[in-house]
Amino acid sequence: MQSRARLRDEVEETTERLTDVLRSMSDGFVSVDREWRCTLVNPRAEEMMQRPASELLGRSMEELYPDSPALPYCRKVMEEREPQTFETFSPAAGRWVEIHAYPTAEGISILFADISERKRNEERERRHAATMGGVGTILQAALGTSTEEELGVACLRVVESLTGSAFGFVGELGPDGLLHDIALSDPGWAQYRTADKRGRRGTERAFAVHGLYDRVLTTGRAFFTNSPSEEPESIGTPEVHPPLTSFLGFPLISEGRTIGVVAVANREGGYGPDDAETAEALAPAIVEAFQRKRAEKESALAKARLDEHIDNSPLAVIEFDSEFCITRWSDEAAKMFGWTADEVFGKAIGEFRWVYEEDVAIVNEESRNLLTAATPRSLNVNRNYRKDGSVIWCEWYDSAIYDTEGNLVSILSQVLDITERREAEERLRESRGQIEAERRRLRTIIDETPIGITLLDARGAVLEVNAANERIWAGPPPKPGSPEEYGVYKAFRPDTGEPFSERDWPATRTIETNEPATETAEIERFDGTRAMVRFTSVPITNASGEMTGVVAITEDITEEAERRRFDEALNGIRSAVGATLDIGEIVRELGTRACETLGVDVAISLRRDERWVATDVRGAPEASGGRTFSDEELPLVREAIAERRPVCEVDSGKGAGKRRSAMRRFGMRSSLVVPLLAQGRPIGAIVFARREAAGFSDLETYFATRLVSAATLALDNALAYERERAIADTLQQAVLSPPPEIAGIETAHLYRPASAEAAVGGDFYDVFELEGGRVGIVVGDVSGKGLEAARLTSLVRDGIRAYALERDDPAWVVAKLNALVYRTAPVESFATLFFGVLDVLSGRLRYTSAGHPPAILLSAGAPRFLPGAPSAIVGAFETAPFEAAEETLGRQDCLLLYTDGVLEARGDGELYGDQRLLEAAERLRGTAPALLPQALLDDVLAFTGGALRDDTVIMVVRRFLEE
């Protein structure tokens, strides 16, 4: 009993919860059994079905709603037992409903929601899109139609289509107060015809404003009716007019004034507010379309009038667009310039030879002014070419049109041919001004030129001397009356020092030859100083070619010559310091050569350590080499280093200060300090000094500045070389360390670089112990020189050792090493090597020669190369086959290993080669193993005359076991 009570409570609780859920749902819910009787209904369903639950529960839905459009779908769910979702319109409720029906054990359940608002929104969106499409069609028709009537018909078709109308009318209010039709649509108006007095049928074109039209025009708003005949304003229709079942009219408004009307009629089902809204949205587009069409017509008429004026103008009329391309070319322009309109239309000025070359700049400037609105109207005169190549003078009257943003739209030019007038003016101007122009030209040359000008007559007498001559000669120059008196000026040939004779002066030669002449000389000026000058003389001739005088030009080129001397000295210094990588030698060369170039009394080279150290001293016994200075003692040096530029100081004898006090201690009155920089840090300085307070010129300071650049580049290279050499030497010493003593074998070796100064090379050797009484033997040669070669050597040596400890198969070890070098070394890096594994006890030697010269076996018989297939060099290819060979060494046998420096040693144009090597090995058979490498090297050096082309390694490995 208790269980039943508990079960009943649970059922009641569940039912109550379900009832609460159904009551709170915003959607309607109905449940029916298989007999279509309603078993459950929520409040929302009562509201939407417009019946209370008491009328629904237990009643058959088929009987209550026999005409419901949802009933067929629900029957399908009941029969097929598959859910259905559908939308339907309920005429009784006047709403759209979305229904979800699904089968249940008792029958089916129906869930339905009111979607009327969504449907209305969708319809509004569809209407809006259709309306916007209609607006676009109307505006496009304004461009594509030829007449207003065609445009009216196109507009009417859009309105009829969007409103579903059978026919329509577009009318415009005329000045006469009548409504003039622009467009009537067929077929609705096909019957509406009137007969004129001659009996012809024609459409009435204007009529009085009355009836429904008058209502639309008077109110200025859209109006629709679905009972036209019952409207008070209705006046009926003509007998032959189709009867009106519905009517929609809307006004056409421009600038607040009603200018016309559009009316459509006989929509199936009648019109509604949405149709009126669509019509009003189309009205502005229709007005704009007609305004565009009329503006286009007026523009065409204006253009026709303008063309008539242009064709009758006596001036050439030319129009350009904003890109200065020709868009108009009048008949007079064709006559004036010779090109037809077809030949120039669309072309820019620069596309054909039209503007005279010397006047291009003027025309371009005028074009820029027009383009930027600087001169929207202008008068310009320039020369132009005609089609036949002849030149004419033209007067251009230009006017430009700009848009509201100030951008150029077009330029209209009126052109007048003034060639004859210009030529007449030019002839008159030339005849009046030729003599005056010549006089002014000569006077201007004499008075204003910054170089020395002397005017002489045809006999050589000096007539005029300008002020620049006084500056060049350091005093007022005299005026000799003839070439014989030119000795008052002292000039000397710069190469020989010989004084100028009368015939050496260029003016004398010009008087004799009537040709220009030039000479360079060193002059002694009137104050006793010297300068380098360039003399040039030019004849003055009249219209007949007769010489009437000479212009003599004198240019002071002292600074030019000095600059050239400094540049040549700098080139020499760059070559000298670039030829060495020794920092001390670089500083000495800089000091010596710069001291000679500057002509100073003292030069002190300083090297920066904990203090400043004088490394090289010239002309200053007070500062001998090796002397040290503090920063406080050298304030100018400190300043030059801080500012990283040359610093100059002159002791005029007035005033004091640390800088001048320091100079006086060394007897200097003028100092120039050049900092020495290497890799961004100061390493020293050079002090140039004069014992007089003459200072240093701008050119000397310029020289010092460029000296800093030359020194920095050389010192950067030297310092980089020193560092790289130190690192490479360290790596190479580690690689070339003597092999350890290993029981059962004896080794001897040597390494010989090509020269004492050569960069670190890549030749190496190695002997190391392996497990089980085996020994690894390596001789190799890596590509390149210097640090990179040393790095690769270390990689190859250490790689062989590592892989040999893992597996003592020479071919496998070299293959692994090849992959390592290919992956980690630069692309152009590779190595050749001989690697062998010797079993000391048995004498078994397994070996691989990767691109390396073969080893030589020295035994009881004749020396011979070890046989075996040669393998690829190491590092050239990612994968390569490496083969191993095998040989047995006797108890006293030796291996002779070497690099290609032996074979490629050259003497008298021949290589040392394989054969000489075997012959040398034969001669040295009795030599002790410890002496054998040096003995073989001595033989090679004897062949080459003591010089080696490449680094060389020679190593001997001897197996010795007592019997």
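How many bridges join strand S25 to strand S30, and which way do the two run? I looked this up to open my notebook on this predicted model.

**Ground rules.** I number residues from 1 along each chain as its sequence is written, and side-chain values use heavy atoms, with hydrogens and water left out. As the model is predicted, local features need pLDDT of at least 70 and side-chain atom pairs count only at pLDDT 80 or more, while totals for chains, interfaces and linings use all residues.

**Entry one: a sheet.** I found six bridges between S25 (residues 602-608) and S30 (residues 681-690), and the two run antiparallel. Strands and helices here are DSSP runs, numbered from the N terminus: E of at least two residues for strands, H or I of at least four for helices. Two strands pair if DSSP finds at least two bridges between them. I picked out Arg607, whose bridge partner in S30 is Gly684.

Stepping back, I saw six strands in an open antiparallel sheet, ordered S27-S26-S25-S30-S29-S28. Its edge strands, each pairing on one side only, are S27 (628-629) and S28 (647-650).

Helix H17 (residues 583-598) lies across S25, S26 (612-618), S29 (670-678) and S30, at about 25 degrees to S30. Helix H18 (residues 635-643) lies across S25, S26, S28, S29 and S30, at about 45 degrees to S29. For these angles, axes are lines fitted to C-alpha atoms, for helices over the stretch in contact, and the angles run from 0 to 180 degrees between N-to-C directions. Contact means heavy atoms within 4.5 Å.

**Entry two: another sheet.** I also looked up an open antiparallel sheet of six strands in the order S10-S7-S6-S13-S12-S11. S10 (206-207) and S11 (223-225) are the edge strands, each pairing on one side only. Two bridges join S7 (residues 179-184) to S10, antiparallel, and His180 has Ala206 as its bridge partner in S10. Helix H7 (residues 148-163) lies across S6 (167-173), S7, S12 (247-254) and S13 (257-265), at about 70 degrees to S7.

Is Leu792 buried or exposed? Leu792 is buried, because its relative accessible area is 4% and buried means under 20% (exposed is over 50%, partly exposed in between; 1.4 Å probe, protein chains only). I located Leu792 in helix H21 (residues 786-806). Leaving aside neighbours within four places in sequence, Leu792 is in contact with Val782, Ser783, Val821, Ala825, Ser829 and Phe830. The C-alpha atoms of Leu792 and Gly762, 30 residues apart along the chain, are separated by 7.8 Å.
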